[in-house]
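This report walks a new reader through one protein model, taking a pair of helices, then a sheet, then a few single residues. Please keep the sequence and the structure in view while reading.

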Amino acid sequence: MAAFKSDFLNVLQERGFIHQCSDIEGLDALAAKGEAIAYAGYDCTAPSLHIGHLLSIMMMRWLQQTGNKPIALMGGGTTRVGDPSGRDETRKILSYDQIDANKEAIKGTFSKFLTFGGGRGDAVMVDNAEWLTKLNYIEMLRDVGRHFSINRMLTMDSVKMRLDREQELSFIEFNYMILQSYDFVELARRYGCNLQMGGSDQWGNIVNGVDLGRRMGTHQLYALTCPLLTTASGAKMGKTAAGAVWLNAAMLPVYDYWQYWRNVEDADVVRFLKLFTILPMDEIARLAALRDAEINEAKKVLATEATALLHGRDEAEKAAATARTTFEQGAIAESLPTVDIPQGDLSSGASVLAMFVKAGLVASNGEARRQIKGGGLRVNDVAVTDEKMMLTSNHLTPEGVIKLSMGKKRHVLLRPA
């Protein structure tokens, strides 16, 4: 393993963040002097980021912790266009009001990982709507568009994949890489930014920005990407049967977030401890030595440490305690995710299929039926065998709830309201 001059790249290398870099020696020299000013961009397509965004957020965190400056770029402008990277179909165009609402909901996530302020190494948050919405189209074509080769753009993965599959790529999306490149130039001019970081699927767009900066006379710009995360079994990380693993507690309860990390595959535990916690490497090495049933202890550490970073230590410990109560002592823990249902639903009888969907444990009635056939669904710890079963007030426990479970790890309480 190569030793770098900068703490920043040494930390990133030993923890597994580095995939590609446009000029590793140049960036190393910059970071060693505390002069790396890096941004990562986040479009406002939903009211929450998801764990797929966590890698670049953690990269910015380590950047700041090693004496350099991060910029969190909100895509208030680029979200109006839509990034085609890694997608088979055109993104849904959102209204400006939706974009602004999403942007406000996302902002709070960054303060959990970064320190914002006016100091030299303090993080700043910027919105590319500031400059993109003011662009004059003719000037944009003359000043920026002339530096782009259509031949080269057609070779970019995000474009090539869509064309190879004969799927439509709209003109508005084709312009996305130009806007992203221009963001880099604007941030270089306004904030002295010299590095863009992102997932490996963004490599083409980021390198375009480096090239555009050279053509438009900025200082030297750099590109750094992290690997796109897949689980050990090859699945894309961050997806569950119930949907994305969101970072906002309003969209995914803290307990469910803790459980996501607790349930990762054995082969992923050490890698995820390096990427998604700030535990020292010697502690991670100790956990890496655990084998067989003991690996569950490492998973609990991963779950608690990853949750503490996002939601705070108290919430993480509470989630861990809930898991202990639920699994090790077999009790119903009050802090399990709870879904309120109208009292009247139980009076007339509620379909067990519909209630599992409502609880978010399955995505559809069809999935619930498949789980029942495989013995995967339980009501109050008793396996469901009849898909026509109706839940009534007779199913309420002494605590006044109905406990729904899918598998051994996922539980939701139904509470009549």
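For the angle between two directions, values under 35 degrees count as roughly parallel, over 145 as roughly antiparallel, 65 to 115 as roughly perpendicular, and the rest as oblique. The model shown here is a predicted one, and the values below are computed from it.

**Two crossing helices**

The axes of helix H12 (residues 254-262) and helix H15 (residues 295-311) come within 8 Å and cross at roughly 140°, and H12 and H15 are therefore oblique to each other. The crossing in which H12 passes H15 is right-handed. On the side of H12, the contact is made by Val254, Tyr257, Trp258, Trp261 and Arg262, while H15 contributes Asn296, Lys299, Lys300, Leu302, Ala303, Thr304, Ala306, Thr307, Leu310 and His311. Sorted by class, this contact of H12 with H15 has 8 nonpolar, 4 polar and 3 charged residues.

How many of the residues of H12 are buried? The count is 9 of the 9 residues, so H12 is largely enclosed by the rest of the structure. The buried residues of H12 are Val254, Tyr255, Asp256, Tyr257, Trp258, Gln259, Tyr260, Trp261 and Arg262.

**The sheet and the helices packed on it**

An open sheet of 6 strands, with mixed pairing, has the order S1-S6-S5-S2-S3-S4. Its edge strands are strand S1 (20-21) and strand S4 (124-127), each of which pairs on one side only.

| Strands | Sense | Bridges | Opposite residues |
|---|---|---|---|
| S3 (residues 69-75) and S4 | parallel | 4 bridges | Leucine 73 and valine 126 |
| S2 and S5 | parallel | 2 bridges | Tyrosine 39 and glutamine 196 |
| S5 and S6 | parallel | 5 bridges | Leucine 195 and tyrosine 222 |

Helix H4 (residues 96-107) packs on the sheet, where H4 touches strand S2 (37-43), S3 and S4, and the direction of H4 makes about 150° with that of S3. Helix H11 (residues 203-215) also packs on the sheet, touching S1, strand S5 (195-199) and strand S6 (222-226), and the direction of H11 makes about 170° with that of S6. As for strand S5, which is joined to S2 by 2 bridges and to S6 by 5 bridges, 5 of its 5 residues are buried, so S5 is largely enclosed by the rest of the structure.

**Two single residues**

Is histidine 311 buried or exposed? Histidine 311, whose place is in helix H15, has a relative accessibility of 17% and therefore counts as buried, the limit for buried being under 20% relative accessible area. Not counting residues up to four places away in sequence, histidine 311 touches Leu247, Ala249, Val254 and Tyr257; of these, Val254 and Tyr257 are also among the residues of H12 that make the contact with H15.

Arginine 189 is found in helix H10 (residues 176-191), and with a relative accessible area of 47% arginine 189 is partly exposed. The C-alpha atoms of arginine 189 and glycine 217 are separated by 9.8 Å, although the two residues are 28 residues apart along the chain.

Conventions:
Residues numbered from 1 in each chain as written. Predicted model: local features only at pLDDT ≥ 70, side-chain atom pairs only at ≥ 80, totals over all residues. Heavy atoms only, no water. Pairing = 2+ DSSP bridges. Contact = heavy atoms within 4.5 Å. Axes fitted to C-alpha atoms, helices over the stretch in contact; angles between N-to-C directions. Left-handed = near helix turned anticlockwise from the far one by under 90°. Nonpolar A, V, L, I, M, F, W, Y, C, P; charged D, E, K, R; others polar. Buried < 20%, exposed > 50% of the residue type's maximum accessible area, 1.4 Å probe, protein only.
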